[in-house]
Amino acid sequence: MALFKKRTVGKPGEWYYCLEHKKVEEGPECPAKDRFGPYASRQEAEHAMATARERNLEWENDPKWHDTPAGSGTDDD
């Protein structure tokens with residue numbers, strides 16, 4: 001008996017964005033390492049890359065994320 005059962009068919013209503021094929025899928029068709037989701041709707045999955053870009057910008061500009069205070073970095077001169 002297998003310890004982990006691989007789910008080959010997704011649930012209806014679960015939407016994913018496949019990074020490998022650059023397409024929206026209902027239910028996971030591709031491995032987890034190659035997809036974003038699940039999303040509640042096809043439209044949310046279609047905008048997965050834009051959502052990721054927005055979240056990355058928010059994270060990169062979050063002052064709590066940076067370890068060093070502004071202006072105290074090292075000079076490379």
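**Entry 1. Glu14 and its contact**

I take a polar contact to be a pair of N or O atoms within 3.5 Å; within protein, one must be able to donate a hydrogen and the other to accept it, and residues adjacent in sequence count only if both atoms are side-chain atoms. With that criterion I found a polar contact of 3.4 Å between the side chains of Glu14 and Tyr16. I then looked up the position of Glu14, which is in the segment before strand S1 (15-18). Helices (H or I, at least four residues) and strands (E, at least two) are DSSP runs, numbered from the N terminus. Glu14 has a relative accessible area of 15% and is buried. For this term I use the following limits: buried is under 20% relative accessible area, exposed is over 50%, and partly exposed is in between (1.4 Å probe, protein chains only).

**Entry 2. Basis of the model**

I note that this is a predicted model, in which local features need pLDDT of at least 70 and side-chain atom pairs count only at pLDDT 80 or more, while totals for chains, interfaces and linings use all residues. Residues are numbered from 1 along each chain as its sequence is written, and side-chain values use heavy atoms, with hydrogens and water left out.

**Entry 3. Overall layout**

I counted two helices and three strands in the protein. Along the sequence they follow the pattern β-β-β-α-α. The protein has 77 residues, of which 22% count as buried.

**Entry 4. Strand S1 and its partners**

I examined the pairing of S1, where two strands pair if DSSP finds at least two bridges between them. S1 and strand S2 (residues 23-26) run antiparallel and are joined by four bridges. Cys18 has Lys23 as its bridge partner in S2. The two strands form a hairpin with four residues between them. In the loop between S1 and S2 I located Lys22, whose phi is near 55°, a positive value in a residue other than glycine. Lys22 counts as exposed, at 60% relative accessibility.

S1 also runs antiparallel to strand S3 (residues 35-39), with three bridges between them. Tyr17 stands opposite Phe36 in S3. Within S3 I looked up Pro38; the peptide bond that joins Gly37 and Pro38 is cis, with omega of about 10°.

Next I asked which residues lie on each face of S1. Trp15 and Tyr17 are on one side and Tyr16 and Cys18 on the other, and all are buried. In a regular strand the side chains alternate between the two faces of the sheet.

**Entry 5. Trp15 and the nonpolar core**

I searched for nonpolar cores (sets of buried Ala, Val, Leu, Ile, Met, Phe, Trp, Tyr and Cys residues joined through side-chain atoms within 4.5 Å). The largest one has six residues: Trp15, Tyr17, Val24, Tyr39, Ala45 and Ala48. Trp15 is found in strand S1 and is buried, at a relative accessible area of 14%. Leaving aside neighbours within four places in sequence, I found Trp15 in contact with residues including Val24, Gly37, Pro38, Tyr39 and Ala45. The C-alpha atoms of Trp15 and Tyr39 are 4.9 Å apart, although 24 residues separate the two along the chain. I then took Ala45, which touches Trp15, Tyr16, Tyr17, Val24 and Tyr39 when residues up to four places away in sequence are not counted.

**Entry 6. Salt bridges**

How many salt bridges does a search of the whole structure find? I found three, with a salt bridge taken as a side-chain nitrogen of Lys or Arg within 4 Å of a carboxyl oxygen of Asp or Glu. Side chains of opposite charge can pair when their charged atoms come close.

- Glu29 pairs with Lys23, the closest N and O atoms being 3.3 Å apart. Glu29 is exposed at 52%, whereas Lys23 is partly exposed at 34%.
- Lys33 pairs with Asp34, with the closest N and O atoms 3.4 Å apart. Lys33 is exposed at 70%, whereas Asp34 is buried at 14%.
- Arg42 pairs with Glu46, again with a closest N and O separation of 3.4 Å. Because Arg42 and Glu46 are four residues apart in helix H1 (residues 42-46), about one helical turn separates them. Arg42 is partly exposed at 37%, and Glu46 is partly exposed at 43%.

Terms used: Contact means heavy atoms within 4.5 Å.
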